[in-house]
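Dear colleague,

Please find below the structure that I am handing over to you, followed by an account of what was found in it.

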Amino acid sequence: MNNNINRIIYCQFFKKKLEGLKFQVYPGKTGKKIFNQISKQAWENWLNEQTKIINEKKLNMINEQDRNQLKKIMINFLFSKEQ
C-alpha cells in the first residue's frame, strides 16, 4: 500500500468523510473502531482534550483505574458527542 495516499473514512465524530489515521493508534477492539471510524482531525482533537483531562483530574497513567477512566472518557468523547 502506498503511504502517500490518504485513507478516506466516514468520521463518526464529525459525521462526514475525512482523512483517516495512518495506523491503529490504540490497542484492541477499541483501537480498530477508532482506526475505522475516527478521522485524523478528530483524533487530534481528542489528544488535546486528553491532555486537559489528565491534568485537570490529576490522572496517573501508571494507575490502571485512571487509564480505564480515561478510556471511558475517550470513547464518550469520540463516539457519543453530538455535533
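**Helix packing**

In H2, residues Ala42, Trp43, Asn45, Trp46, Glu49, Gln50, Ile53, Ile54 and Lys57 meet Gln69, Leu70, Ile73, Met74, Phe77 and Leu78 in H3, where contact means heavy atoms within 4.5 Å. Helices (H or I, at least four residues) and strands (E, at least two) are DSSP runs, numbered from the N terminus. Please note that this is a predicted model, in which local features need pLDDT of at least 70 and side-chain atom pairs count only at pLDDT 80 or more, while totals for chains, interfaces and linings use all residues. Residues are numbered from 1 along each chain as its sequence is written, and side-chain values use heavy atoms, with hydrogens and water left out.

Two packed helices are described by the angle between their axes and the distance between the axes. For H2 and helix H3 (residues 64–79), the angle is about 140° and the axes are 11 Å apart; axes are lines fitted to C-alpha atoms, for helices over the stretch in contact, and angles run from 0 to 180 degrees between N-to-C directions. H2 and H3 are therefore oblique to each other (angles under 35 degrees count as roughly parallel, over 145 as roughly antiparallel, 65 to 115 as roughly perpendicular and the rest as oblique).

**Hairpin**

Strand S1 (residues 8–11) pairs with strand S2 (residues 16–19) in the antiparallel sense, over 4 bridges; pairing requires that DSSP finds at least two bridges between two strands. The two strands form a hairpin with 4 residues between them, and lysine 15 in the turn has a positive phi of about 60°. Across the pair, isoleucine 9 stands opposite leucine 18, and cysteine 11 stands opposite lysine 16.

**Salt bridges**

The structure holds 2 salt bridges, each being a side-chain nitrogen of Lys or Arg within 4 Å of a carboxyl oxygen of Asp or Glu. Glutamate 19 forms one with lysine 22, the closest N and O atoms being 3.5 Å apart. Glutamate 19 also forms a salt bridge with lysine 40, at 3.8 Å between the closest N and O atoms. This latter pair links distant parts of the chain, with glutamate 19 in strand S2 and lysine 40 in helix H2 (residues 40–57), 21 residues apart.

Yours sincerely
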